[in-house]
Amino acid sequence: MIVITAPTGNIGRHLLSRLLEAAPAAGEELRVIVRDPARLPDAARGRVEVITGSHADTEVLDLAFEGADAVFWLVPPDATLTPQNAYGGFTRPATKALVAHGVGHVVGVSALGRGTPLADRAGLVTSSLAMDDLIADTGVAHRALANPSFFENLLEEAASIREKGVFTDSVDADRKAPFVAAADIAAAAAGLLLDRSWTGTGSIPVLGPQDLSPNDLARIMTEQLGRPVRYERQPLDELYTHLVGHGLNEAFVQGMVDMKRAKDEGLDAGIARTPDTTSPTTFEQWCAQTLKPAVLS
């Protein structure tokens, strides 16, 4: 039995699709925790056990983890909370339920940066790494998928790209860093969940096929969309003021700012790209398949 949290999100929907294809042949049953079962794809109807609710809820977790062998763990960051509560506070009930129900394996979504000089001052990333430690301390076999920024983050810029030909971030325009597609993270998670011969704890970087700068992203978007796209760098103090003005928790916003500052200082650059850490989806492919329809719709 594999339990999937956040099965309708960017990563979870890709993971669920992969497991629906592969789980029967592997003799695995699937169970999902979801707030709104209506958002599940039609392909999942009648093929997965559905536990309705939040995976921060102790009663929901007890139902979901009963008889489970493996769990895919993803925390949806809650911008109304402090970073510590958004990650650690959300996860603590799960650590108790993992032990109580004897779950053997957990695959979690995390971030790059562990072991770097920036790890303890990287805001949301620091809290994510502390969450990994909470899970690992339970004694389960645990793999944290250590990810850089997602291609999917650019979907939040689709309206700006459509209307003004501009996307924004806070890093230097020529700062190269890894980027990854959510589908590639899901593929890595599926492989670990289906073959649970691994033991102990550790991180698995998922780095995408190449490092890209904001200027690289702009050039590729221009090529793929057939219209000019340029990058504008947003000062961190301006980002902070903008987000707090929209009612986000001030500590959470500071965590976002600290994460972006750390990324601009090279947080994601500490892992070498090897055949094992490289994932296949290129930014060109992702633009053509995902960003272009969103921008041109």
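A cavity, as the word is used in these legends, is a set of grid points where a 1.4 Å probe fits but cannot get out. The model shown in every view is a predicted one.

**View 1. The largest cavity and the residues that line it.**
The structure holds one cavity of 30 Å³ or more, and the volume of the largest cavity is about 40 Å³. Its lining is made up of R175, K176, A177, P178, D211, K263, G266, L267, D268 and A269. Sorted by class, this lining comprises five charged residues, four nonpolar residues and one polar residue.

**View 2. The open sheet of three strands, in the order β7-β9-β11.**
Pairing within this sheet is mixed. Strands β7 (149–150) and β11 (211–212) stand at the edges, and because each has a single partner strand, one side of each is left without a neighbour in the sheet. Strand β9, which spans residues 177–180, pairs with β11 in the antiparallel sense over two bridges. In general terms, the strands of a sheet pair through backbone hydrogen bonds, in either a parallel or an antiparallel sense.

K176 lies in the loop between β8 and β9, whereas D216 lies in helix α7 (residues 214–225), so the pair ties together parts that are 40 residues apart in sequence. The two partners fall into separate accessibility classes: K176 counts as partly exposed at 45% relative accessibility, while D216 counts as buried at 12%.

**View 3. The salt bridge between R114 and D133.**
Salt bridges in the structure come to 16 by the rule applied here, and one of them joins R114 to D133, with the closest N and O atoms 3.2 Å apart. R114 belongs to the loop between β5 (105–111) and α4 (124–136), and D133 belongs to helix α4 itself, so the pair ties together parts that are 19 residues apart in sequence. R114 is partly exposed, at 42% relative accessibility, and D133 is also partly exposed, with a relative accessible area of 35%.

**View 4. The salt bridge between R230 and E232.**
Side chains of opposite charge can pair when their charged atoms come close. Here R230 forms a salt bridge with E232, and the closest N and O atoms are 2.6 Å apart. R230 is partly exposed, with a relative accessible area of 46%, and E232, with a relative accessible area of 33%, is partly exposed as well.

Notes. Residues are numbered from 1 along each chain as its sequence is written. This is a predicted model: local features need pLDDT of at least 70, side-chain atom pairs count only at pLDDT 80 or more; totals for chains, interfaces and linings use all residues. Side-chain values use heavy atoms; hydrogens and water are left out. On a 1 Å grid over the protein atoms alone, a cavity is a set of points where a 1.4 Å probe fits but cannot get out, and a pocket is an open set with protein on both sides within 12 Å along at least five of seven lines; lining residues have an atom within 4 Å of a point. Grid points are joined across faces, edges and corners, and a volume is the space filled by probe spheres set on the points. Ala, Val, Leu, Ile, Met, Phe, Trp, Tyr, Cys and Pro count as nonpolar, Asp, Glu, Lys and Arg as charged, and the others, Gly among them, as polar. Two strands pair if DSSP finds at least two bridges between them. Helices (H or I, at least four residues) and strands (E, at least two) are DSSP runs, numbered from the N terminus. A salt bridge is a side-chain nitrogen of Lys or Arg within 4 Å of a carboxyl oxygen of Asp or Glu. Buried means under 20% relative accessible area, exposed over 50%, partly exposed in between (1.4 Å probe, protein chains only).
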